[in-house]
Amino acid sequence: MKKYLVTGGAGFIGSHLCERLLKDGHQVICLDNFYNGNLNNIRGLFNNRNFHFIEEDVLNFDKTREAALTCDHIFHLAAQIHVEKSIIRPTETLNINLNGTKNILDICTQNKNISMTIASSAEVYGESYGEHDEQSPVKPQSPYAASKVSAEALCTSYYYTYGTDVRIVRNFNTFGPRQRSSGYGSVIAIFVKRALEGKPLIVYGDGQQTRDYQYIDDVIDGYLISESIPKGEIVNTGVGEDFTINHIAELILKISNSKSKVVHTDPRPGEVRKLRSNVDKIKKYGHTNQLSLEEGLKKYINWVIKYDPDSLGVMK
């Protein structure tokens with residue numbers, strides 16, 4: 001048994017990570033201020049005696065340090081994660097994503113027995129074509145992406161300067177239960193909800209922009225494997241296949257037997273046209289995706305039929 005701190009643990013990905021760690025027999029401290037997270041995401045975990053929740057902001061160094069001191073490893077997922085919000089609130093985004101990361105780095109640097117994994121994003125790669133491996137240049141196209149590049153650089157500098165035990169996971173697009181059907185990066189959740197309601201699926205621009213979507217269970221496997229990756233390293237987690245937004249929309253309509261139509265509107269500022277991961281590196285550490293896009297969509301659509309995604313797990 002190990003003890004973990006998961007910052008942002010009441011969020012979409014964080015709650016699944018907490019759940020999986022508990023299932024594997026570990027102790028989990030979940031720290032979240034509900035900036036993105038929701039109590040419904042973790043409500044079912046409170047009966048587990050190995051689960052402890054702390055409502056706190058990762059920017060509060062003393063409280064975060066107090067939560068972390070008894071832990072073996074920190075999964076740092078707390079962040080301002082929305083591209084569109086970052087365009088409106090760049091200062092807030094940078095403060096949360098950079099200074100929050102600095103707090104976790106300082107904790108691990110001061111306490112050498114604590115290691116950490118930070119959640120980054122494929123958004124750091126920006127506009128380019130072909131596959132993105134870990135050596136691809138970073139070209140942030142939004143304040144959110146820039147904040148993640150900055151946080152990564154801080155992690156790397158702490159590793160080289162202080163020997164801090166940190167590794168970076170660049171996560172490509174994720175979908176699955178508990179994802180809200182709103183916000184940038186939630187296109188599958190938005191499409192599924194609208195398809196089941198018979199509403200049109202709104203596609204920004206021509207719909208030829210591509211994304212590499214990974215089902216949540218495979219994403220969590222990648223985070224768990226990251227703990228064994230040498231400190232200072234960066235790894236991608238994704239599938240290694242990209243699909244156009246148009247294709248994703250049509251696939252959702254087919255699986256859900258929806259009569260909804262696809263409607264195109266103006267493109268969004270700062271949107272990356274093409275994202276596809278090269279996952280050769282993380283595969284060397286034993287990570288293998290279990291579900292294809294279509295298989296994952298079938299599981300997710302079946303979940304949304306039973307549950308309201310915007311109530312985060314409340315049965316319809």
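Author: This is a predicted model. Let's begin with helix α7 (residues 187-197) and helix α11 (residues 293-306), which pack at an angle of about 55° with their axes 11 Å apart.

Reader: Why is α7 called oblique to α11?

Author: Roughly parallel needs an angle under 35 degrees, and roughly perpendicular takes 65 to 115. The angle here is about 55°, so α7 counts as oblique to α11. The crossing of the two is right-handed.

Reader: Which residues of α7 and α11 meet?

Author: From α7 you have I188, A189, V192 and L196, and they meet L293, L297, Y300, I301, V304 and I305 in α11. By class, that contact comes out as 10 nonpolar, no polar and no charged residues.

Reader: What makes α1 and α8 roughly perpendicular to each other?

Author: Helix α1 (residues 12-23) packs with helix α8 (residues 216-226) at an angle of about 65°, and their axes are 10 Å apart. The range for roughly perpendicular is 65 to 115 degrees, and therefore that name applies to α1 and α8. α1 passes α8 in a right-handed crossing.

Reader: And which residues meet where α1 packs with α8?

Author: On the α1 side they are F12, I13, H16, L17, R20 and L21, facing I216, V219, I220, D221, Y223 and L224 in α8. This contact has 9 nonpolar, 1 polar and 2 charged residues.

Reader: Which residues touch the most other members of the largest nonpolar core?

Author: That core has 52 residues, and those touching the most other members are F51, I188, F191, Y223, I252 and Y300. Helix α9 (residues 245-256) gives the largest share, 7 residues. There's also a second, separate core of 22 residues, with I74, I118, C155 and I168 among them.

Reader: What is Y223 in contact with, leaving aside its neighbours within four places in sequence?

Author: Y223 is in contact with I13, L17, F75, L77, T117, A119, V169 and N171.

Reader: How do you know whether N111 is buried or exposed?

Author: Buried means under 20% relative accessible area. N111 has 15%, so it counts as buried. You'll find N111 in the loop between α5 (90-110) and β5 (115-121).

Reader: What does N111 touch, not counting residues up to four places away in sequence?

Author: N111 touches R65 and L69. The C-alpha atoms of N111 and L69 are separated by 7.7 Å, though the two are 42 residues apart along the chain.

Definitions and conventions:
Residues numbered from 1 in each chain as written. Predicted model: local features only at pLDDT ≥ 70, side-chain atom pairs only at ≥ 80, totals over all residues. Heavy atoms only, no water. Axes fitted to C-alpha atoms, helices over the stretch in contact; angles between N-to-C directions. Helix = DSSP H or I, 4+ residues; strand = E, 2+ residues; numbered from the N terminus. Parallel < 35°, antiparallel > 145°, perpendicular 65-115°, else oblique. Left-handed = near helix turned anticlockwise from the far one by under 90°. Contact = heavy atoms within 4.5 Å. Nonpolar A, V, L, I, M, F, W, Y, C, P; charged D, E, K, R; others polar. Core = buried A, V, L, I, M, F, W, Y, C linked by side-chain atoms within 4.5 Å. Buried < 20%, exposed > 50% of the residue type's maximum accessible area, 1.4 Å probe, protein only.
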